[in-house]
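Biologist: Can you put the model up on the screen? I have a few questions to go through.

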Amino acid sequence: MSVTVAVDVCGVSKIFGAGTEQQVTALNDVSVSIAQNEFFTLLGPSGCGKTTLLRLIAGFEHPTQGSILLEGAEISALPPFQRPVNTVFQNYALFPHMSVSQNIAFGLEMQGRPSDEVADTVHTMLNLVKMEDLKDRRIDQISGGQQQRVALARALAPRPKVLLLDEPLSALDLKLRKEMQLELKRLQHETGITFIFVTHDQEEALTMSDRVAVMRDGEIHQIGSPQDIYNRPNNRFVADFIGESNFLEVQLLSRHGSTAKVKFANGTELDATLPSTDVIAGSITVIVRPEHTRLTADKSAGHLQGVVNDAVYFGTDTHYYLTLDSGEEFVIRQQNQRGDRGKISSGTQVGITINEDSIQVLAG
Amino acid sequence: MAEIGQSGSRASTLIGIGAKAAIEAEKRELKTRWLLVSPAIVIICLAGFLPLTIILFYSFMSPGPYAGVSFEPTFRAWIFLILEEDLFEETLGLNYAHISIFSRSIGLALGTTILTLIIGFPTAYFIATRPIRQRNFWLFMISLPFWSNLLVRTFAIMMFIREQGFVNHVLLYLGVIDKPLSIMFTPTAVWIGLVYAYLPLMVMPLYASMEKLDFRLIEAAYDLYASRWKVLQKVIIPLVKPGIVAGSILVFIPSIGAYVTPKILGGGKSLMLGNLISNQFGTSRDWPMGSALALFLMAMVMVALIIYVRNESRNNPGG
């Protein structure tokens with residue numbers, strides 16, 4: 001079965017205030033293909049252009065350059081109301097002068113669906129988001145989490161080809177956010193609609209998405225599954241933005257296919273994974289995730305050597321902050337066992353073992 | 001037991017003293033409050049209710065020989081408000097002169113309200129969508145005419161629309177017309193004058209409610225397949241309705257009782273209620289009729305206000 005493309009963004013640039021002094025390039029030659037029935041996340045810090053890309057797909061903005069295809073058809077010139085794409089807004093933007101069910105019915109009525117079909121769909125949607133009991137409430141009479149559900153139901157009711165979600169969980173408290181993450185995943189599964197989700201929260205992106213695009217300064221830095229993004233970051237920005245990383249300078253000795261032999265400052269030679277993009281030979285940077293390493297009391301048995309500066313106990317694991325013999329900073333996250341006699345105190349000389357297949361070469 | 005009883009009674013005395021003090025304080029506060037509002041009450045009574053009572057009383061009297069009233073009670077003024085005695089047959093028929101003035105007044109007031117709404121709505125929308133710093137400039141421009149006297153503004157409009165005025169000059173020059181339009185001394189002239197005079201009263205409340213409008217709701221409606229027209233109809237208008245109603249009331253009330261504008265721009269053929277009332281107290285020397293007409297005008301305004309209040313309470317059942 002071939003994967004059909006839902007949204008195809010081809011070489012899209014967006015420049016605000018072009019030709020003026022305040023010219024801002026929000027997107028710079030961005031291309032991305034989003035498959036049908038995919039949970040796709042645009043992840044990046046604020047101002048990276050992720051919301052602009054979402055607004056371009058929704059039709060609130062028009063690209064300065066490039067084209068946007070929806071199931072193969074060019075849509076970048078269409079106004080929002082002619083695109084089979086719906087948005088869940090950051091602050092929900094629910095109509096305050098309508099009840100819960102009137103809000104959900106709005107899109108269907110605007111499409112001119114017959115009234116019995118509208119009533120049926122509204123009923124189904126109320127069930128889907130578990131809001132049947134509150135269907136006649138006014139918007140200001142329901143809680144933030146409930147508004148979130150109504151916003152979802154309203155956007156899903158017309159059965160759009162693509163659902164756009166603009167940081168919809170950012171206004172909720174932590175517990176509700178966790179619940180809604182699962183809920184969104186369930187809704188996406190049940191409806192089979194393509195979701196494009198915008199967030200600055202890396203954890204949200206990793207837990208919910210099929211694929212993630214990491215953005216910065218109007219460009220996409222990496223597109224891949226959460227595992228890819230986390231384990232095989234292309235560059236320093238992606239590695240730094242998602243999770244915690246140790247950055248180490250190494251010498252590239254040789255390469256065999258997708259792996260390479262690298263030499264650390266202390267002379268240790270280990271295998272490392274090469275990124276998909278090209279790497280210049282010579283001095284390069286690798287990353288090692290803190291949880292892919294272990295401490296050993298025997299200095300000579302480890303791959304790297306250093307001294308413990310600080311150890312912080314977190315219950316499930318302990319974080320060790322070290323300085324390597326080469327002078328570089330290094331963090332180790334080690335899972336605690338019941339039998340552990342206690343954390344290693346600061347000032348101790350230790351060896352560091354890096355798990356197999358846990359060294360990633362960065363492209364830049 | 002005795003002890004408990006004693007302490008209990010002492011406590012109740014204490015409570016009694018406390019409650020008494022509280023009541024005293026409340027009384028004092030009430031007194032101060034009444035003192036503070038009393039000037040307003042005196043003014044309302046002297047300048048509001050008293051003249052109204054006199055007017056009501058006069059409207060049931062007969063006209064005096066040289067203006068004023070003679071104290072002979074009669075319903076004459078109220079009957080002749082809309083009816084008229086035939087000069088020869090002494091039968092009662094409709095007073096077409098009055099009815100045409102009433103209908104012209106209501107028509108012009110409604111027309112003014114509608115036209116100011118049509119012009120004011122996009123204007124207010126334009127101002128509300130400007131960057132905040134520009135908004136004050138536009139609001140200033142809208143309120144600028146209010147700095148001058150209504151009489152002056154009405155004469156200005158006259159200069160504009162008269163036969164040798166600016167409008168005719170431009171239209172003749174452009175070749176749109178081949179002889180000057182005579183707008184002056186027609187209901188149209190009054191209409192233009194009223195719209196010009198009361199447009200700011202429509203724009204201000206409209207702007208106030210549009211400023212509060214969450215423009216993301218408009219985006220949400222666009223996103224949900226609403227065309228521009230549907231967005232206006234289903235989202236913008238319902239949300240700015242308080243502004244529309246307030247603006248309409250603010251324009252309708254002074255328009256229906258307008259005096260200066262029809263007097264200058266309407267001439268003798270386009271009288272409105274305000275002019276009719278003034279004539280009864282002046283040239284016609286029929287004070288009872290003037291009083292009845294004044295009360296009739298007030299009743300119409302009251303009806304408009306009642307519709308407004310009903311509308312409001314239906315929209316906000318809570319408050």
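Modeller: This is a predicted model. In chain A, helix H3 covers residues 115-128, and its 14 residues reach 20 Å from the first C-alpha to the last.

Biologist: What span would be expected for H3(A) at 1.5 Å a residue?

Modeller: The expected value is 20 Å, and the helix comes close to that.

Biologist: Which residues of H3(A) are buried?

Modeller: They are Val118(A), Thr121(A), Val122(A), Met125(A) and Leu126(A). Looking down the axis of H3(A), these buried residues fall within an arc of 140°, so they line one face of the helix.

Biologist: And what is on the face turned away from the buried side?

Modeller: That face of H3(A) carries the exposed residues Asp116(A), Glu117(A) and Asn127(A).

Biologist: What covers the buried residues of H3(A)?

Modeller: The cover includes H2 and helix H4 (144-156) of chain A. As for what follows the helix, Lys130(A) comes after H3(A) and has a positive phi, near 55°.

Biologist: Let's go to chain B. How far apart are the end C-alpha atoms of helix H5 (residues 150-161)?

Modeller: They are 17 Å apart in H5(B). Twelve residues at 1.5 Å a residue should span 16 Å, so the two values agree.

Biologist: Which residues of H5(B) are buried?

Modeller: Thr154(B), Ile157(B) and Ile161(B) are the buried residues of H5(B). Seen down the helix axis, they fall within an arc of 55°, so they line one face of H5(B).

Biologist: What do those buried residues of H5(B) pack against?

Modeller: They pack against H6, helix H7 (187-211) and helix H10 (260-266) of chain B. On the face of H5(B) turned away from the buried side are the exposed residues Leu151(B), Val152(B) and Met159(B).

Biologist: You mentioned H6. How many of the nine residues in helix H6 (residues 166-174) of chain B are buried?

Modeller: The count is zero, so to speak of cover, H6(B) is hardly covered. Just after H6(B) comes Gly175(B), which takes a positive phi of about 80°.

Biologist: Next, a helix pair. How do you describe two packed helices?

Modeller: You give the angle between their axes and the distance between the axes. Helix H3 (residues 96-128) and helix H9 (residues 228-256) of chain B pack at an angle of about 140°, with axes 9 Å apart.

Biologist: Is the crossing of H3(B) and H9(B) left-handed or right-handed?

Modeller: The crossing is right-handed.

Biologist: Which residues of H3(B) and H9(B) meet?

Modeller: From H3(B), the residues include Ser105(B), Ile106(B), Leu108(B) and Ala109(B). From H9(B), they include Ile244(B), Gly247(B), Ser248(B) and Val251(B). The residues of this contact of H3(B) with H9(B) divide into eight nonpolar, eight polar and no charged.

Biologist: Staying in chain B, where is Met289(B)?

Modeller: Met289(B) is in helix H12 (residues 287-315) of chain B.

Biologist: Why is Met289(B) called buried?

Modeller: Because Met289(B) has 24 other C-beta atoms within 10 Å, and the cut-off for buried is 20 or more. Leaving out residues up to four places away in sequence, Met289(B) touches Ala77(B), Phe80(B) and Gln280(B).

Biologist: How far is Met289(B) from Val245(B)?

Modeller: Their C-alpha atoms are separated by 32 Å, and the two residues are 44 residues apart along the chain.

Biologist: Back to chain A. What about Arg333(A), and which strand is it in?

Modeller: Arg333(A) is in strand E18 (residues 329-335) of chain A. With 17 C-beta neighbours inside 10 Å, Arg333(A) counts as partly exposed.

Biologist: Which residues does Arg333(A) touch?

Modeller: Not counting residues up to four places away in sequence, Arg333(A) touches Pro290(A), Glu291(A), Asp317(A) and His319(A). Arg333(A) and Leu295(A) are 38 residues apart in sequence and 9.3 Å apart in space, C-alpha to C-alpha.

Biologist: How many helices and strands does chain A have?

Modeller: Chain A has eight helices and 20 strands. Of its 364 residues, 38% count as buried.

Methods:
Residues numbered from 1 in each chain as written. Chains lettered and ligands numbered in written order. Predicted model: local features only at pLDDT ≥ 70, side-chain atom pairs only at ≥ 80, totals over all residues. Helix = DSSP H or I, 4+ residues; strand = E, 2+ residues; numbered from the N terminus. Buried ≥ 20, exposed ≤ 12 C-beta atoms within 10 Å, placed from the backbone. Contact = placed C-beta atoms within 7 Å. Axes fitted to C-alpha atoms, helices over the stretch in contact; angles between N-to-C directions. Left-handed = near helix turned anticlockwise from the far one by under 90°. Nonpolar A, V, L, I, M, F, W, Y, C, P; charged D, E, K, R; others polar. Expected span 1.5 Å × (residues − 1). Arc of directions from axis to C-beta.
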